[in-house]
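Open the model in your viewer and keep the selection tool ready. The tour moves from ring pairs to a helix, then to domains and a strand.

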Amino acid sequence: MENFRKESDLLGELYVPVNAYYGVQTQRAIDNFKISGQLLSSYPDFIRGLAFVKKAAAKTNYELGLLDEELYFKIAETCDELITGQLHDQFPVDMIQGGAGTSINMNANEVIANRVLEKLGKNKGEYEFCSPNDHINLSQSTNDAYPTAIKMGLLQMNVGLVDRLQKIVEAFRAKGEEFQDVIKMGRTQLQDAVPMTLGQEFEAFAANLEEDISKLNSNADLFVEVNMGATAIGTGINAPIGYATLCAKNLTQITGFPIVSAPNLVEATPDTGAYVIYSSAMKRLAVKLSKICNDLRLLSSGPRAGLFEINLPPMQPGSSIMPGKVNPVIPEVVNQVCYKVIGNDLTVTFAAEAGQLQLNVMEPVLSHAIMENINFLCNALDTLRDKCVVGITANKEVCLNMVKHSIGIVTALNPYIGYKQSTQIAKESLETGNSVYNLVLEKGLLSQEKLDEILDPKNMLKPHNK
């Protein structure tokens, strides 16, 4: 067993890899929770969140006289290493686990403690000099450190998600400008409606998604309220007077986010309402994004037997049997991501509801679902923008011909010949194949000059007087 060291805890002794910075409780979690295959190391912002919390806690304990200067500085240095991305491979526990996050909290405590021991010239596991529990977890419980770390992780991750969302909004808006002169038919209930421009359609996509930037940011603002100092259930047992407020102040200084201490720590400890509302904002974004992807697939359908108003960039052959077939694979994969996000939102809802009494033990699956959704959405938004939206082209003549041959333009005649007469024209056009234009002239309902003015598609794109 020369490649292992022996450590002990409440349940007895266990061997840990000799070079591992994690310890016995992390090893038990590795052995017990082989669930999702998604490890804490897959979520670097969460690890940084843990490091923010442990650094702020150490600073607060030092300022309150509970931690000596040398140990504080070594802990702070180690947390800074984690913040910059070092030692992330030392967080091998599964994101979904029992124990209300204790394994993740102890993973952080053990890694930091053993790295500090290394800095002090001691061996890993010599916890009498720096203890995961007595020093790194000083004045804390999993029940305040873990949810606070989740919130610090989500605040960072939201910044990345909003950045991706802003970029795809800009991409759709650029297409809106590019297509501003492409006349086409609008549709309601998949039936011809009235003319519009392809530019208006793509600008609407941009505006639709842009609304969600403020929604995500405002919902993420709820994460700035934390329960550090609550310790086990919110009573603050084993935390010194003033710890909660000072720790929040230190978190603000360390993270740059305006962190505040919850006004009622007993209420805040089991409360998961902030996660629910943030998850709902992602679900809203997913619903909108999926709708847009459906539209892109419809608008590009064909090319001979569909709408074929736009061309999506061809990304790969579409069939193992049908030569020449190219499928809209990018919108399709984003649709599937959106379904996953919507499903994970239900997981968040159930996990939030499942909190009993003074703690919600389901926070591991809740936090995993939200973080997974953020990663999925970031990847999907990047993929849709880079591999689809920026390369879309318009079939201008196809769009214009559909306008010219549609009975939808008869709507523009309502103010001039009345709804009943317009309906008869539309019906006859459908039955005979004769154009709306010709029928109006044949029946002497309007002069050619007036008809040309009314039915000019450009005159039907915005409000105007008779």
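This is a predicted model: local features need pLDDT of at least 70, side-chain atom pairs count only at pLDDT 80 or more; totals for chains, interfaces and linings use all residues.

Rings of Phe, Tyr and Trp (its six-membered ring) pair if their centres lie within 6.5 Å; planes under 30 degrees apart count as stacked, over 60 as edge-to-face and the rest as tilted. The count comes to 10 aromatic pairs. Select Phe223 and Tyr275: this pair is tilted, 5.8 Å centre to centre with 35° between the planes. Phe223 lies in the loop between α7 (198–220) and β5 (225–226), and Tyr275 in helix α10 (residues 273–299), so the pair ties together parts that are 52 residues apart in sequence. Helices (H or I, at least four residues) and strands (E, at least two) are DSSP runs, numbered from the N terminus. Phe223 is buried, at 0% relative accessible area. Tyr275 is buried too, at 1%. Buried means under 20% relative accessible area, exposed over 50%, partly exposed in between (1.4 Å probe, protein chains only).

Next, select Phe172, Phe179, Phe202 and Phe205. Ring pairs link these four into a cluster.

Now look for charges over rings. The rule: NZ of Lys or CZ of Arg within 6 Å of the ring centre and within 35 degrees of the ring normal. Lys122 places its charged end over the ring of Phe129, 4.2 Å from the centre.

Move to helix α12 (residues 363–387). Its 25 residues reach 35 Å from first C-alpha to last, close to the 36 Å expected at 1.5 Å a residue. The expected span is 1.5 Å times one less than the number of residues. In α12, 18 of the 25 residues are buried, so the helix is largely enclosed by the rest of the structure.

Colour by domain: domain 1 (20–138), domain 2 (155–227 + 267–397) and domain 3 (407–459). These bounds come from an automatic or database domain assignment. Which residues supply 46% of the area that domain 1 buries against domain 2? Domain 1 and domain 2 bury about 1,000 Å² between them. Buried area is the accessible area (1.4 Å probe) that two parts lose on being put together, summed over both. Tyr43, Asp45 and Ala100 supply that 46%, more than any other three residues.

Finish at Lys6 in strand β1 (residues 4–9). Lys6 is partly exposed, at 48%.

Residues are numbered from 1 along each chain as its sequence is written. Local features need pLDDT of at least 70, side-chain atom pairs count only at pLDDT 80 or more, totals for chains, interfaces and linings use all residues, and side-chain values use heavy atoms, with hydrogens and water left out.
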